[in-house]
Amino acid sequence: AKPGRRKIGVALVGLGYYSRDLLASALQLTQYCELRGLVTGSPEKVPQWQQEYGIADRNIYSYETMHQVADNPDIDVLYIVVPTGLHEKYALIAANAGKHVWCEKPMAMTEKECLSIIGACNKNGVQLAVGYRMQHEPNTRTVMSYASSQPYGKLKNIIAKAGYAGGAPNPDNWRLSRKLGGGALYDMGVYPINAARYTAGSEPVAVTARLEVERKNVFKEVDESAYLTLEFPGGVIAECATSVGQNMNMLRANCTKGWYELEPMQAYSGVKGRTSSGVLLDKTVANQQARQMDDDALAIFHKSPVLVPGEEGLADIRIIEAAHRSNASGKRVAL
Ligand code: NDP
């Protein structure tokens, strides 16, 4: 199929906050995608979605019937938007049904799970894209390009922080569950970790991490804030921080001949920055998620590599696992 002639049929798997409040409306703004299907464990949510987005009865699935999407030509992509601890389970069902997989961040809980998703997608000849929307954002892309063009000289150090002062989640919210992928480091930590990696343009060789909980009556299983020092080749150090209890949102690269920064570096809109020579990083994009999904749809049409492959998710999860080991031992962990 060629773009223009038909659209990529997307089914959202998990109809929670991100699907409902961001992806569904973004899909209406895409050029190459169409919201055609739903996979949900909550049948009571379905009528409103069908009414709002005109989704056919034949394209509604539960988690138990989801594998039957294999026989449904309306659906090209299953977009996995369930709690992180369930990404692997549903990504595998999607890939084994022969459908392309778009998987929300963080990709999964462990390196092993990430490798299993990548393996299943490869085996079934389907594409896999991770929902790191920042990598589709134009000012972020400019910063990413500086890693190789080095307009301000050699990189010396990086500071990357993303967090928000969230209210206390409901006690049964999966974001408080270790097993389902809660905690600041998984949920928000992937933003500074991913940013440190794309700013450095290389993989870290070691991590030293400290996980903290302020509200001990709320965060019983998982971290509320995390602080990481990543050591990159050539002596470049990245200081990363993340939190679901404090606001923080910036990326700065200090180089031998200047600096550049984004603030906020992680937001649904309004990501902007500047450089030491007065360059403004102030491009705009109408809708980040629409841009992301169109980029990923074009990769399917053109059978070309996706912008954010599974290996990107895997690299960050490897660091998160090492950060947990570092926190437990109080020691630097080589990667
Ligand atoms: P929510 O809790 O709001 O929604 C998750 C949905 O997953 C639920 O509504 C439910 O949908 C489904 N689900 C299936 N099994 C379970 C289970 N055991 N417990 C809870 N829910 C379950 O989470 P979010 O939408 O905020 O997050 C979903 C994913 O999206 C996460 O991986 C998160 O990291 C990612 N995300 C990404 C963002 C980004 O900017 N890229 C922003 C926010 C989230 P149903 O009732 O339909 O079955």
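Biologist: Why is Q266 called buried?

Modeller: Buried means under 20% relative accessible area, exposed over 50%, and partly exposed in between (1.4 Å probe, protein chains only). Q266 comes out at 10%, so Q266 counts as buried. Bear in mind that this is a predicted model, where local features need pLDDT of at least 70, side-chain atom pairs count only at pLDDT 80 or more, and totals for chains, interfaces and linings use all residues. Residues are numbered from 1 along each chain as its sequence is written, and side-chain values use heavy atoms, leaving out hydrogens and water.

Biologist: And what makes K123 exposed?

Modeller: K123 has a relative accessible area of 66%, so it is exposed. K123 lies in helix α4, residues 111–124. Helices here are DSSP runs of H or I with at least four residues, strands are runs of E with at least two, and both are numbered from the N terminus.

Biologist: Back to Q266: what does its side chain make a polar contact with?

Modeller: The side chain of R133, at 2.4 Å. A polar contact is a pair of N or O atoms within 3.5 Å; within protein, one must be able to donate a hydrogen and the other to accept it, and residues adjacent in sequence count only if both atoms are side-chain atoms.

Biologist: Which strands stand at the edges of the open sheet?

Modeller: The order is β3-β2-β1-β4-β5-β6, with parallel pairing. β3 (60–61) and β6 (128–130) each have a single partner strand, so one side of each is left without a neighbour in the sheet. Two strands pair if DSSP finds at least two bridges between them; β5 (residues 100–103) and β6 have 3.
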